[in-house]
Amino acid sequence: MSMQLTEIRWHARAGQGAVTAAKVVAETALAADQYLQAMPEYGPERMGAPIKAFTRISGTPIEIHCNIENPDVVIVLDDSLLDIVDVAEGLVDDGVIIINTCTPPAEVRKVLSVPATARIACVDASGIALDTIKRDIPNTPMVGALIKLTGVVDMDSFKGLLAKNLSKKFGQEMIDANWASVDRAFEEVTVA
Amino acid sequence: MPTHKTLAATGNAVVAEAMRQCKPDVMAAYPITPQTTIVEEFAAFVAKGKTHCEYVTVESEHSAMSACIGAAAAGARVMTATSSQGLALMWEELHIASGMRLPIVMANANRALSAPINIHCDHSDIMGARDTGWVTYFAETAQEAYDNTIMAVRVAEHPDVMLPAMSTLDGFITTHSIDRVSVMDDETVAAFAGEYVPKSALLDTDAPVLHGAFAGLGGPFFEFKKQQRVAMENARQVIKDVGAEYSALSGRPFDVVETWGMEDAEIAIVVLGSTAGNVRHVARDLRAKGLKAGVVKVRVWRPFPYAELAAVLKGLKAVAVLDRAESFGAEGGPLFLETRGALYDLETRVPVVGYIYGLGGADVKLELIERVYQDLSDIAAGSAAPAGLVYLGAREEA
């Protein structure tokens, strides 16, 4: 965890849980006494349409309320967006872009205009979600990859919060499945 | 001793929480983006039995404010929330609420007015209600929206004031962003808000009173208005007293005008609402580079703190005023006009320049704020002020 401001932009299709993930990451930061902001980009929305959401995390109070234009981290929940949205737009030179895809990061770099110094990380979060949670909800495993690459929030805090949120509707089995999805994404994410 | 709980919550969620904690008897509301989640959350509190309140669902904002007026005249503590077109539709009732001296508390999610259609933040709606006789707070953050809402109850119901009050927060930016907010326990807030004891309730049949009477030619209409003026003037001190009491309880500062870096500032930006954070962020950076930049945030818009503003801006080399609302045909936006007016009696003239920014939610980029400080810096160094009003960040071809 750092005192520095970290700005995250989420790309997804409406219904994939990006807004929920942006919120849960912010809430995890609160548990570590960090400051936070989480906001979706509001506009006309329908299931499957490309959407964006944003998270800010900092060790000191966050005063700014403008859009995030130069994210430190970009998270892409659906690789079909790579052809239609400039997901790397404004990414800082030492930033990282994390993509839910089966394509290896070296291949992704060929099609994305990402700064050479920025990292590209890929993980099959949908595959992992189908294996563990039995549904294609890639948002939770993607946070596992985020934690691996940035350490912006703490793994134990995130798992704790996940359990707390899930226990309102589900039993331990579902909590274990979600935890497993996070662990696997943490282990399996590859970087280039 | 109050207990404090830190949450990750939206501005709307904590406004609904503040309202629940202040225990209104009646809420009458109609949903409108981006206010909806306030009334939605409050309705859920009622449904779950977390507050004992008569929740009146109505067919429009005109009816919402009418129902609020009826309930407040009857003697109830009444709250509501609205935004944009909804506030505009309430316009005639806003005057009736203040004219009848009913201490209704309303949250407003600041949003643009059509046309063209736009659901995002600016202050056009609230500036349209400027002269309706409501005490009006502006929040920079979700935290301030929570705090202002609780203080508004005490100010509105104070015997020297008895005016409706609005707690406003910026649409989406503050209403819908999840932010870090500290809330107090129910008992502390309930004790602070106190119990409302109406002085002339319609339902008090032992002491019959007339509300909303005809006061035509030769009647006391003119004097009624003078009394409203006195009540609004009284609100100045009451707002400060309630603010000081609330500050002691919450541990958070409150002032009608909140400043940063003004001790030795040579230039300053005057601003309302969430943009104050962006401005302070930029001012911090510029300070580190040696520029004597200050920030002046107006937290209470009505009654307008002209004396406080003059005291803090006195002697500056240049001042910029950022308006998130238009007053077409006027020399500048509403805050600009008020600020210039507040400075008129100073011995030495302070150059004041006006900017219109962020209409319809246009992003308030940090470089725009930097540009304003650069203009001020140039003026302070002897350059001419920009000729006329600047539309900050508007595309050139427009």
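What area is buried between chain B and chain A, and what share of it do carbon and sulfur atoms give?

Entry 1. I looked up the interface in this predicted model. The area buried between the two chains is about 1,800 Å², and carbon and sulfur atoms give 55% of it.

Entry 2. I then turned to the contacts. In chain B, 22 residues are in contact with 17 residues of chain A.

Entry 3. Between chain B and chain A I noted 4 salt bridges. In one salt bridge, the side chain of Lys365(B) meets that of Glu69(A), at 2.6 Å from N to O.

Entry 4. I asked which elements of chain B supply the side that touches chain A. Strand S1 (4–10), strand S8 (178–184) and helix H10 (275–288) of chain B each supply at least two residues. H10(B) gives the most, with 5 residues. By residue class, I recorded that this side of chain B divides into 7 nonpolar, 8 polar and 7 charged residues.

Entry 5. Strand S2 (residues 35–40) of chain A is joined to S8(B) by 2 bridges, and the two strands run antiparallel. For Gln37(A), I identified Asp179(B) as the bridge partner in S8(B).

How values were computed: Residues numbered from 1 in each chain as written. Chains lettered and ligands numbered in written order. Predicted model: local features only at pLDDT ≥ 70, side-chain atom pairs only at ≥ 80, totals over all residues. Heavy atoms only, no water. Contact = heavy atoms within 4.5 Å. Buried area = accessible area lost by both parts, 1.4 Å probe. Helix = DSSP H or I, 4+ residues; strand = E, 2+ residues; numbered from the N terminus. Nonpolar A, V, L, I, M, F, W, Y, C, P; charged D, E, K, R; others polar. Pairing = 2+ DSSP bridges.
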